[in-house]
Amino acid sequence: MQPEAPLAPAPAPAVRALSCPNCGGTVELRAAGYTVHVGCQYCGSILETTDGLVKLVTQARLAQAYPEIPLGIRGTLFGVEWEAIGYLERSQNGAYGWKEYLLFNPYYGYRWLVNARGGWSFGTMLTRTPTWRTYESYEVDGAYYTRFFSGQAQVDRVVGEFYWRVAVGEKVQTGDWVRPGFMLSREADDREESWTLHQLVAEKDVIRAFGVAPSGKIWPPLPHQPSPWGAWLLAGAKIGGGALAFLLTLCLVLGGTRWTTSGVLPVAVDGREQTARLGPVTLTGRYQRVQLRADVPRLENGWVDLDYSLVDRKTQQVYAASGAAERYDGADSDGPWSEGSRSSDVSIAGVPAGAYDLIVDYKGNRWSQFDTAYPDGGWMEPTNQPQIVVELGTGTLYGSSVLIAAVLLALPWLIGLILHLNFEKARNGESDFAPAGGDD
Amino acid sequence: MATRSFLYALWCIAVLGLFLIAAIFGWSPFAEGGRAGGGGVRGTGGGGHYGYYGPHHK
């Protein structure tokens, strides 16, 4: 009988457990073979694991850290399952802290999941150096990144395992360049320089992947946070522009006034009220705007009151409006002056079709700076031939309606623009390179 | 984003619709005159001069 073939050796366990030489706590290695340093989650000591033995690098007795994403938990981001294996708390010399989770997948390597002020970014280490383009921009794969931060970052707390020799208090020079949705980060010390490309991750994706708690609104915005109004402004400009173009077309088609009736009314020198009738006036549109214009060519230091009544011959329904033309001039220590207009323009809205009479009640008046005595009759002197030229026209559109419609069409887009500019101002105000006078 | 654009398009359609209705009826909130209250009675509409007559600049 053939002896049984020897069984293949059992696969190495995915997780290797170590004992912390400082506190005796069990420290798990999830990327054994790759991990160089591991931070004890119980006492904060840094352990080196490179040669199979566990060496105490930095002894510490720190308060326990409780990462929001527990180490060892797995979650899927961008279609890949990642395991959180390391956790760093970092800051700019103790201020403006942020948190970094080291993610690991044996087929894809390491990634960073960074939480700054509640916003999440997914960082991929670059294996090439970005191309320096201008004093303030770098280029990666055709995309330009504008400088935003420059400073020094330090490590404040370490938990879990890392692929390099990490230490609390370790400091590096940092620089960040941004474009909407992405941040290019450079870290350098006297030995090496590394570049990481961070992509903004929607909070709901991180919640779904790792079960973190919602953080609420982030304000001021993150450096690489796209304006929620930016993209809409472009679409809104097309929609609003199309609507405004349609409105303009309507104005061209429906605009204007057709003058159909006119009459000349003599003004009595004694200033009594007079009445004149113009007509018949035939209005053919179902409803229309009726425009009434009066010109008083000889008017000087006086005024004319005008009461219009448009009377439907069939129903005796009255459509009424009032107008006045007044004009004054004189001279004083500053020289000659004049005021007012010799014409009056009023409209009657919503007049239905029909045959009408236009009744004009009018009265000429004279004005004197001291009294109303006019030995020579003023502008109403008979030899001056005072008269009023009244014209009636019809149309459809009102300029005020066009203006209101244009404002209402543009208003939502303008509000979006203001919100966008406010967002960008707040975002740029966070930059180390914000223009003088910006928010700090 | 699509929701915002959709709502904005709806807003534009509503504004243009109201504008067209106003145009069809020859109506404006700023018209000086309109239908008088009592049928068959001549009356004064809006748009006339009220109050003080005379120059205002001195």
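This is a predicted model: local features need pLDDT of at least 70, side-chain atom pairs count only at pLDDT 80 or more; totals for chains, interfaces and linings use all residues.
Colleague: Start with the helices. At what angle do the axes of helix 2 and helix 3 of chain A cross?

Modeller: The axes of helix 2 (residues 230-254) and helix 3 (residues 399-429) of chain A cross at roughly 170°. They come within 10 Å. Angles over 145 degrees count as roughly antiparallel. That makes helix 2 of chain A roughly antiparallel to helix 3 of chain A.

Colleague: Which residues make the contact?

Modeller: On helix 2 of chain A, they include A:Gly230, A:Trp232, A:Gly236, A:Gly240, A:Leu244 and A:Cys251. Helix 3 of chain A contributes, among them, A:Val402, A:Ala406, A:Trp413, A:Gly416 and A:His420.

Colleague: Now the two chains. How is the size of an interface often given?

Modeller: Often as the accessible area lost when the parts come together. Here, take residue counts: 51 residues of chain A are in contact with 41 residues of chain B.

Colleague: Which elements of chain A give two or more residues to the side that touches chain B?

Modeller: Helix 2 and helix 3 of chain A do, along with strand 18 (274-295), strand 19 (302-312), strand 20 (318-332), strand 21 (335-341) and strand 22 (343-366). By class, this side of chain A has 30 nonpolar, 15 polar and 6 charged residues.

Colleague: What does chain B contain in helices and strands?

Modeller: Chain B has 1 helix and 1 strand. Of its 58 residues, 24% are buried.

Colleague: Which strand of chain A is joined to strand 1 of chain B?

Modeller: Strand 20 of chain A. It is joined by 2 bridges to strand 1 (residues 34-35) of chain B, and the two run antiparallel. A:Tyr319 stands opposite B:Arg35 in that strand of chain B.

Colleague: Last, the hairpins. How many residues lie between strand 11 and strand 12 of chain A?

Modeller: The hairpin of strand 11 and strand 12 of chain A has 2 residues between its strands. Strand 11 (residues 131-134) and strand 12 (residues 137-140) of chain A pair antiparallel over 3 bridges. A:Thr134 has A:Ser137 as its bridge partner.

Colleague: And which residue has a positive phi in the turn between strand 12 and strand 13 of chain A?

Modeller: A:Asp141, with a phi of about 55°. Strand 12 and strand 13 (residues 143-162) of chain A pair antiparallel over 4 bridges. A:Val140 stands opposite A:Ala143.

Methods: Residues are numbered from 1 along each chain as its sequence is written. Chains are lettered from A and ligands numbered from 1 in the order in which they are written. Axes are lines fitted to C-alpha atoms, for helices over the stretch in contact, and angles run from 0 to 180 degrees between N-to-C directions. Angles under 35 degrees count as roughly parallel, over 145 as roughly antiparallel, 65 to 115 as roughly perpendicular and the rest as oblique. Two residues are in contact if their C-beta atoms, placed from the backbone, lie within 7 Å. Ala, Val, Leu, Ile, Met, Phe, Trp, Tyr, Cys and Pro count as nonpolar, Asp, Glu, Lys and Arg as charged, and the others, Gly among them, as polar. Two strands pair if DSSP finds at least two bridges between them. A residue is buried if 20 or more other C-beta atoms lie within 10 Å of its own, exposed if 12 or fewer, and partly exposed in between; C-beta atoms are placed from the backbone.
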